[in-house]
Structures are given as C-alpha cells and as structure tokens.
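Take a walk through this fold from its overall plan to its details. Start with the sequence and the model below.

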Amino acid sequence: MSERIVQRGLWFEEYDIGAIYEHRPGRTVTEADNVLFTTLTMNTQALHLDAAWSARQPGFGGQRLINSMFTLSTVVGLSVAQLTQGTLVANLGFGEVAFPAPLFAGDTLYGETECTGKRESKSRPGEGIVNLTHIGRNQHGDVVARATRSTLVRKRPVE
C-alpha cells in the first residue's frame, strides 16, 4: 500500500519569520467576479457596477474598479492551500489594509505572504500566533493590495 499524503497548510513550527511565500497560480479577475461579489455584499458603489457612470470619472481610464474587498479576499484566499489549509484555528484580526493601485477586469492577481512574526499562545496549548503580511500584485508586478493579519495556528501534532 502506498503512502497517502493530504494537502495541508503549515504547522506553527514550519513558519519562518522573514520568509516570503509565493502563491501560484494567480487568478485572472473577470467582470462577472466583480459584479457578483459587489451585489452579493450589497455594495452599491457605482465605480464597481455602472460602466457608463464609471467611464465619465477621471483617473481610471473609463474602467470599472474591481471591488477592493474582492481583491483582499482573493489575495488571502490564494494563500490558503499553501499556508493555512487544515492548520488554521482562527483569524485573530486584520491590521493595516491598503490598496495602492487599482485592479481591473482582465488583470491577473498574484499573492505572496511574508511571515513577520510568531509566538506560542499563552492561553491555548498546542497553538501559536502567526503574523502575516499579504501582498497582492497584478500581472505587471504593481502592488494592488497589502494587509497585515494575525492568525492562530495549530502546532504539529505529537505522534
């Protein structure tokens, strides 16, 4: 019988402070993604929904902006398989969140995450707190999203 390996994220001990984890493949964003996410979340911002109105607004070349919460969610989502699948206990919170450049339909979003710190949990044996900085870049390498995040992660099980 061959060995069975289940895909998982990193145990607390496997995170390296200062390491940058690149998440691939990227995700090409569509108009449908933007409209669906925007309407599901009741965000009525015309910059996301109204192509005619957006075309008359300065600064974005007549394009509708991709909803920034979709961008953030996707950047974090891109990290799951590599970092937190099956090892995350909880998101403890997000800190700084910024969107330094716009994202548009047709752009491809790539994610990377830096581990900026970690410590054992004082109140929850078998778990640790890992601090992460998520970065989203478009296909040109421009940073379109940046967010800090604190997570509670399981330690490697004792065998």
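Helices (H or I, at least four residues) and strands (E, at least two) are DSSP runs, numbered from the N terminus.

The model is predicted: local features need pLDDT of at least 70 and side-chain atom pairs count only at pLDDT 80 or more, while totals for chains, interfaces and linings use all residues. Residues are numbered from 1 along each chain as its sequence is written, and side-chain values use heavy atoms, with hydrogens and water left out.

Now the overall plan. The chain holds 4 helices and 5 strands. From the N terminus, their order is β-α-α-α-α-β-β-β-β. Along the principal axes, the C-alpha atoms fill a box of roughly 60 × 40 × 30 Å. Of the 159 residues, 38% are buried (under 20% relative accessible area; exposed is over 50%, partly exposed in between; 1.4 Å probe, protein chains only). Contact means heavy atoms within 4.5 Å. Among contacts between residues at least 6 apart in sequence, 70% join residues at least 24 apart.

The UniProt annotation "domain: MaoC-like", from an unreviewed entry, covers residues 17-135. UniProt positions are given in the numbering used here, feature names are shortened, and annotations may be inferred rather than shown by experiment. Over residues 17-135 the chain is 30% helix and 35% strand. The end C-alpha atoms of that stretch are 16 Å apart.

In what order do the 5 strands lie? The open sheet runs 1-3-4-5-2, with antiparallel pairing. Strand 1 (20-28) and strand 2 (88-98) are the edge strands, each pairing on one side only. Two strands pair if DSSP finds at least two bridges between them. On average, neighbouring strands are turned by 25° against each other, direction ignored. Axes here are lines fitted to C-alpha atoms, for helices over the stretch in contact, and angles run from 0 to 180 degrees between N-to-C directions.

Follow strand 5 (residues 143-154). With strand 4 (residues 127-137) it pairs in the antiparallel sense over 11 bridges. Gly 136 has Ala 145 of strand 5 as its bridge partner, and Arg 137 stands opposite Val 143. Strand 5 is mostly covered, with 9 of its 12 residues buried.

Return to helix 4. Helix 4 (residues 68-84) packs on the sheet and touches strand 1, strand 2, strand 3 (108-120), strand 4 and strand 5. Its direction makes about 125° with that of strand 1. Helix 4 bends by about 30° at Leu 78 (the angle between axes fitted to the seven residues ending there and the seven starting there). Its buried residues include Phe 70, Leu 72, Val 75, Val 76, Leu 78 and Leu 83. What covers the buried residues of helix 4 includes helix 1 (31-40) as well as strand 1, strand 2, strand 3, strand 4 and strand 5.
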